[in-house]
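Reader: Could you take me through this structure step by step? I would like to begin with the overall layout and then turn to the ligand.

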Amino acid sequence: MLIFKHIKDIEKHIISCKKAGYKIAFAPTMGALHTGHISLVDEGKRRADVVVCSIFVNPTQFNDKADFDKYPNTISADIEMLNDAACDVLFLPSVKEMYPDGFGNPTSIDFGHVANILEGEHRPGHFDGMAQVVEKLLRIVTPHVLLMGQKDYQQQLIVRQLIKRRKMATELVMCPTLREKDGLAMSSRNVRLDAPARKLAVTLSKVLKDALNRLKKKANPGILAIEQFKKLQETPGIDPDYFAILDADTLMPVTANTKKVVALTAAVIGGVRLIDNMVMDVTR
Ligand code: AMP
């Protein structure tokens, strides 16, 4: 695997790959890699000739400085995992490389409703910072295919809009959420859970799954979301931010025209903020 730390070097390499006619897939990450991240690399291998992964803990998307400071860094293990997955290129820039002129100029795009609710409401500025760095990375890597996880459902909806609004020639592929055996969504933040919190964390996926089962039995989405939120709230040790059941394409309330429904939740457990979601087709 080639490792580039400088923009001009990776750009040169990408140009030569494209000249040779290779298709490029790209999976941006913040490191502390787990099997979920590697599933994006695997999907990239299936869809393209050259898979690029980036590891960059982007300061501008952390609304909470303590969360940024505590973000796990496991770079040697990450490189080993990427090598084992036959990832072709790792882009590992410094903060100075990505922001030589400081943190100003977040993307000028107003993403509207999809960026203002849920994570947007609870982590002010997070999506502006995320879109800022993803746009920079897309301009550097110029991939044919961008791989993003369903785990960050709202994020991939916003990046989809970013690509459209900037008229970029990149196809966004959403990859399914990989889970631990008990159902907990894999996350870099899970390593910060102590044993009791880790045990409790499975509740999120359980309550999401239960919501989908009850939706299948025609439960009212609005009422159900309130009930599931209450369930989380009444569980000692869980401090939920939200539980929502929405149209998966628009993040607006479910209507008779809704084709896919998404149930999304975020909660603090043992001092760690976790998110998860599940999507269900309602046309069948
Ligand atoms: P992160 O390093 O957390 O910013 O995540 C980098 C990419 O990996 C994002 O597109 C995430 O949605 C994706 N990802 C994170 N966790 C998982 C998971 N459990 N399964 C699949 N993809 C994931």
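**The sheet and the ligand**

Author: Six strands form an open sheet in the order β1-β4-β3-β2-β5-β6, with parallel pairing. Strands here are DSSP runs (E, at least two residues; helices are H or I, at least four), numbered from the N terminus, and two strands pair if DSSP finds at least two bridges between them.

Reader: Which are the edge strands?

Author: They are β1 (2-4) and β6 (171-175), each of which pairs on one side only. From one strand to the next, the twist averages 25°; axes are lines fitted to C-alpha atoms, for helices over the stretch in contact, and angles run from 0 to 180 degrees between N-to-C directions.

Reader: How many bridges are there between β5 and β6?

Author: These two strands pair in the parallel sense over 5 bridges. In β6, Cys 175 is the bridge partner of Gly 149.

Reader: Before we go on, what kind of model is this?

Author: This is a predicted model: local features need pLDDT of at least 70, side-chain atom pairs count only at pLDDT 80 or more, and totals for chains, interfaces and linings use all residues. Residues are numbered from 1 along each chain as its sequence is written, and side-chain values use heavy atoms, with hydrogens and water left out.

Reader: Now the ligand. How many residues surround it?

Author: The ligand is surrounded by 17 residues, and the closest are Met 30, Gly 149, Asp 152, Leu 178 and Met 186. A residue counts as near if one of its heavy atoms lies within 4 Å of the molecule.

Reader: Which elements supply the shell?

Author: At least two residues each come from β2 (24-29), α2 (35-47) and β5 (145-149). The largest share, 3 residues, is from α2.

Reader: Changing topic, how do β8 and β9 run?

Author: Strands β8 (residues 260-269) and β9 run antiparallel and are joined by 10 bridges. Thr 265 has Asp 276, in β9, as its bridge partner.
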